[in-house]
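Here is a friendly briefing on one model, grouped by topic. Have the viewer open beside you as you read.

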Amino acid sequence: MGEQAKFATKLGIIATTVGSAVGLGNIWRFPYEAGMNGGGAFLMVYILCVLILGIPVMCAEFIIGRRSKSDTVDAFRKLAPGSRWHYIGYMGILASVLILGYYIVISGWTLEYLFRALGNDLAGKTAAEFKAEQNAFIQSDFRPLLWTYLFLIINYVILSRGVQKGIEKMSNILMPLLFVILLVFCVRSLTLPGSSEGLAFFLHPDFSKITPQVIIRAMGQAFFSLSLGMGILVTYSSYFTSKTHLIKTASTVAVLDTTVAILAGVIIFPAVFSCGLDPVAGPDLVFVTLPNVFNQMPVSALWSVLFFLLLTVAALTSTVSLFEVAVAFLINYMHMSRKKATRIMILVIALLSTVCSLSIGSWSHIRIFGKTIFDAFDYFSAIILLPVSGLLISIFIGWVLKRNISREELTNRNKLHEPLFNAIFFSIKYIAPVIIILIFLSGFGIL
Ligand code: TRP
């Protein structure tokens with residue numbers, strides 16, 4: 001992408017950035033994290049993290065990207081020559097590789113469900129049967145891997161052609177469709193018998209459940225869901241035009257992304273309670289509960305197909321963005337062709353995702369700090385790396401880069417009257433770093 005492409009339209013800018021943000025993180029990861037970490041309490045802390053940390057850090061990444069117009073490592077080199085700040089870029093690449101390692105596995109699961117839905121194989125089963133089948137599927141060696149590799153091939157096709165046209169166009173059409181479908185499912189789920197109990201679990205905060213652990217996990221989820229701390233928004237914002245309103249774009253993306261996560265919760269928790277399932281189920285929550293909801297709808301096969309198709313697309317717009325961080329770096333810095341860079345990354349991720357997938361079944365005895373490889377990748381990247389690099393990015397903008405540069409970017413060189421500039425800059429400089437550090441210290445029991 002070194003050719004300084006630009007996104008074609010305003011809608012394209014929003015749809016592509018939202019396409020990166022909205023993914024399995026919203027529909028798969030958010031509900032199970034909320035389920036395991038206190039329901040309504042988690043939701044409340046999560047929303048605070050998005051507002052207080054997410055939007056300012058996103059603005060910070062936008063400032064770096066649009067100012068430098070470069071990949072994430074080179075961006076820091078340009079803005080702070082001769083310093084070590086570009087290590088943040090390397091951290092981002094490490095995080096993207098770790099996240100892809102397990103994200104692709106889950107994306108493979110969505111293909112399996114899409115396939116089953118197409119064969120009308122999800123109809124007429126009980127909740128217990130879904131659970132047993134899902135366990136058998138994810139613990140087997142070969143089948144999940146086949147889907148994982150297929151998903152990698154799809155990524156290869158899109159990435160090797162260059163992202164701009166494919167992804168921007170695809171996002172323009174499919175992201176709005178995703179919203180509509182989610183709304184329809186919401187209505188269905190809310191009208192299930194016994195749905196109010198699930199809704200109360202999800203929306204009613206029980207303050208006694210807010211622990212340092214809940215807070216640190218909510219922060220990790222916010223960074224993960226908004227695609228922060230990894231340099232992808234640095235890369236995407238280098239394709240923004242000089243007219244793009246950065247603060248407005250950041251807020252719109254944050255609001256849309258959070259809305260999708262909340263809709264996912266509103267769909268899943270009433271269904272969980274209505275079907276007598278356990279909200280603390282963990283990573284397979286979505287794959288077990290949603291087919292149950294579909295089963296209670298007329299033409300259930302159609303809904304299943306539609307849903308898993310959209311989930312696949314949401315995953316795809318996110319994985320492409322995850323890949324793009326490393327691919328853009330290899331192209332610009334190692335002077336590789338796009339094809340070669342993509343091929344190398346696909347191979348690396350094929351290896352890692354194989355390890356992650358097996359670690360759920362045959363290799364589940366291998367533990368890193370007591371976690372399976374799959375969980376360890378997730379924990380280390382989402383909970384540690386993303387917030388740490390978010391912390392460094394905000395310190396960089398707040399304390400290293402000249403304040404005037406941030407002002408120029410956030411006001412489009414004084415063309416916009418921006419009453420929020422001072423507040424946002426204050427958040428980047430003081431609030432975000434202090435809060436991230438406090439959350440880490442208390443989460444690790446130091447405070
Ligand atoms: N935000 C995406 C999701 O919620 C995942 C993702 C895409 C991501 N790009 C990222 C996470 C960059 C962190 C950093 O599914």
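## Briefing

Leu309 is partly exposed, with 40% relative accessible area (buried is under 20%, exposed over 50%, partly exposed in between, with a 1.4 Å probe and protein chains only). This is a predicted model, in which local features need pLDDT of at least 70, side-chain atom pairs count only at pLDDT 80 or more, and totals for chains, interfaces and linings use all residues. Residues are numbered from 1 along each chain as its sequence is written, and side-chain values use heavy atoms, with hydrogens and water left out.

**Around Leu309**

- Leu309 belongs to helix α14, residues 300-333 (helices are DSSP runs of H or I with at least four residues, strands are runs of E with at least two, and both are numbered from the N terminus).
- Between the C-alpha atoms of Leu309 and Leu178 there are 9.7 Å, while 131 residues separate the two along the chain.

**The nonpolar core**

- The largest nonpolar core contains 159 residues (such a core is a set of buried Ala, Val, Leu, Ile, Met, Phe, Trp, Tyr and Cys residues joined through side-chain atoms within 4.5 Å).
- Helix α5, residues 87-118, gives the most to this core, with 18 residues.
- Among the residues with the most contacts inside the core are Trp28, Ile64, Met219 and Phe323.
- Which residues does Trp28 touch, not counting residues up to four places away in sequence? They are Tyr102, Ile106, Pro283, Val286, Phe287 and Phe374 (contact means heavy atoms within 4.5 Å).

**Helix packing**

- Helix α2 (residues 24-36) packs with α5 at an angle of about 95 degrees, their axes 12 Å apart (axes are lines fitted to C-alpha atoms, for helices over the stretch in contact, and angles run from 0 to 180 degrees between N-to-C directions).
- That makes α2 roughly perpendicular to α5 (under 35 degrees counts as roughly parallel, over 145 as roughly antiparallel, 65 to 115 as roughly perpendicular and the rest as oblique).
- On the α2 side, Leu24, Gly25, Trp28 and Arg29 meet Tyr102, Tyr103, Ile106, Ser107 and Thr110 of α5.
- By class, the α2 and α5 contact has five nonpolar, three polar and one charged residues (Ala, Val, Leu, Ile, Met, Phe, Trp, Tyr, Cys and Pro count as nonpolar, Asp, Glu, Lys and Arg as charged, and the others, Gly among them, as polar).
- Helix α3 (residues 40-68) and helix α4 (residues 72-79) pack at about 80 degrees, with axes 9 Å apart, so α3 is roughly perpendicular to α4.
- In this contact, Ile64, Arg67 and Ser68 of α3 meet Ala75, Phe76, Lys78 and Leu79 of α4, and the residues divide into four nonpolar, one polar and two charged.

**Buried residues in helices**

- Gln221 sits in helix α10 and is buried, with a relative accessible area of 0%.
- Leaving aside neighbours within four places in sequence, Gln221 is in contact with Gly25, Arg29, Phe30, Glu33, Phe42 and Tyr46.
- Asn155, in helix α7 (residues 142-160), also counts as buried, at 0% relative accessibility.
- Not counting residues up to four places away in sequence, Asn155 touches Ile104, Leu316, Thr319, Val320, Phe323 and Ile346.
- Phe440 lies in helix α18 (residues 421-443) and is buried at 11% relative accessible area.
- With residues up to four places away in sequence left out, Phe440 touches Ile216, Met219, Ile383, Ile384, Pro387 and Val388.

**Positive phi in loops**

- Most residues other than glycine have a negative phi, and most peptide bonds are trans.
- Ser227 has a positive phi, near 60 degrees, and is located in the loop between α10 (212-225) and α11 (232-237).
- Phe369 has a positive phi of about 50 degrees, in the loop between α15 (338-358) and α16 (373-400).
- Are these two residues buried or exposed? Ser227 counts as buried at 12% relative accessibility, whereas Phe369 counts as exposed at 84%.

**Cysteines**

- The structure holds zero disulfides (a disulfide is a pair of cysteine sulfur atoms within 2.5 Å).
- Cys186 is in no disulfide, and its nearest cysteine sulfur, that of Cys275, is 15 Å away.
- Cys186 is buried, with 6% relative accessible area.
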